[in-house]
Amino acid sequence: MAMKSTHKTALQAFAVVFTMGSLAWASVPFYDWFCRVTGFGGTTSVSAAGSDEVLDQTITVRFDASLDRDMPWTFKPVVRQMEINIGETGLAFYEAHNPTDRRVAGSATYNVAPYEAGGFFTKIDCFCFTEQVLEPGETVMMPVSFYVDPEIVSDRDAKYVHHITLSYTFYETELPKDVASLSTTPKADVN
């Protein structure tokens with residue numbers, strides 16, 4: 001009988017460890033999905049088109065930029081803030097510069113503060129949707145088009161939001177294989 005009890009306890013311990021490991025593995029993608037759907041944690045929404053409704057009420061959108069400590073670029077918003085009507089499509093630009101003598105790829109993460117506004121801040125198009133590659137010495141203007149969903153004015157918590165801050169952080173990433181194989185040195189003109 002002691003053998004059965006030991007066997008049962010070992011099986012239960014294995015089941016608990018397996019279940020906890022599975023939950024830990026699934027928690028990151030589930031949390032990411034949850035944040036995208038609800039706007040929790042300042043995660044924005046995404047839409048293929050602008051809002052059908054524009055209110056006669058404005059909101060101020062502030063723009064913030066930062067870099068991971070290992071990212072060699074400079075990165076800043078062109079305009080620090082803008083006031084737009086709720087539902088109106090806004091267009092903002094960020095400037096990135098690669099001061100190095102090598103090709104550098106980067107990817108941007110983003111969030112919105114205050115968190116209550118995350119689900120109502122909707123991006124239509126953004127440089128953050130794709131990896132960016134800058135040549136040595138290159139400077140680019142990167143656009144983000146967005147709107148604030150008119151439903152923000154009827155949300156229990158978000159209706160008191162009058163300022164939204166959109167923040168980006170750029171991280172250096174590996175060069176894409178098709179770009180990494182290209183030479184950064186110009187070929188000599190043979191005439």
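**Strand pairing, salt bridges and core of the predicted model**

Ala105 stands opposite Thr173, a residue of strand E10. Helices (H or I, at least four residues) and strands (E, at least two) are DSSP runs numbered from the N terminus. The structure is a predicted model, in which local features require pLDDT of at least 70 and side-chain atom pairs count only at pLDDT 80 or more, while totals for chains, interfaces and linings use all residues. Residues are numbered from 1 along each chain as its sequence is written, and side-chain values use heavy atoms, with hydrogens and water left out.

The mean pLDDT (the predictor's confidence in each residue, from 0 to 100) is 83 for the chain, and 77% of the residues reach 70 or more. Over residues 27-42 the pLDDT stays under 50, and the model has 17 contacts (heavy atoms within 4.5 Å) beyond four places in sequence for this stretch. Where pLDDT is low, the predicted coordinates should not be read in detail.

Strands of a sheet pair through backbone hydrogen bonds, either parallel or antiparallel. E6 and E10 are part of an open sheet of 5 strands with mixed pairing, in the order E4-E2-E10-E6-E8. The edges are formed by E4 and E8, each of which has a single partner strand, so one side of each is left without a neighbour in the sheet. On average, neighbouring strands of this sheet are turned by 30 degrees against each other, direction ignored; the axes are lines fitted to C-alpha atoms, for helices over the stretch in contact, and angles run from 0 to 180 degrees between N-to-C directions. Strand E6 (residues 104-113) is joined to strand E8 (residues 132-134) by 3 bridges, and these two run antiparallel. Within this pair, Val104 has Leu134 of E8 as its bridge partner.

A further open sheet of 5 strands has the order E1-E7-E9-E5-E3, again with mixed pairing. Strand E1 (45-46) and strand E3 (74-77) stand at the edges, and each has a single partner strand, so one side of each lacks a neighbour in the sheet. Strand E7 (residues 121-126) runs antiparallel to E9, with 5 bridges between them. Asp125 is bridged to Ser145 in E9. In the loop between E6 and E7 lies Pro114. The peptide bond joining Ala113 and Pro114 is cis, with omega about 0 degrees.

The structure holds 4 salt bridges, each defined by a side-chain nitrogen of Lys or Arg within 4 Å of a carboxyl oxygen of Asp or Glu. One of them pairs Arg102 with Glu172, with the closest N and O atoms 2.9 Å apart. Arg102 lies in the loop between strand E5 (90-97) and E6, and Glu172 in strand E10, so the pair ties together parts that are 70 residues apart in sequence. Relative accessible area is used to class residues as buried (under 20%), exposed (over 50%) or partly exposed (in between), with a 1.4 Å probe and protein chains only. Arg102 is partly exposed at 36%, as is Glu172 at 31%.

Arg103 forms a salt bridge with Glu135, where the closest N and O atoms are 2.8 Å apart. This pair also links distant parts of the chain: Arg103 is in the loop between E5 and E6, and Glu135, 32 residues away, is in the loop between E8 and strand E9 (139-148). Arg103 is buried, with 9% relative accessibility, whereas Glu135 is partly exposed at 30%. In another salt bridge, the side chains of Arg156 and Asp157 meet at 3.7 Å, N to O. Arg156 is exposed at 66%, and Asp157 is partly exposed at 41%.

In soluble globular proteins, nonpolar side chains tend to be buried together. A nonpolar core is here a set of buried Ala, Val, Leu, Ile, Met, Phe, Trp, Tyr and Cys residues joined through side-chain atoms within 4.5 Å. The largest such core has 36 residues, and those with the most contacts inside it are Phe75, Tyr94, Phe127, Ile152, Ile164 and Tyr168. At least two residues of this core come from each of strand E2 (58-67), strand E4 (81-85), E5, E6, E7, E9 and E10. E9 gives the most, with 5 residues. Leaving aside residues up to four places away in sequence, Ile152 touches Ile59, Ile86, Ala117, Phe120, Ala158, Lys159 and Ile164.

Note on methods
Pairing = 2+ DSSP bridges.
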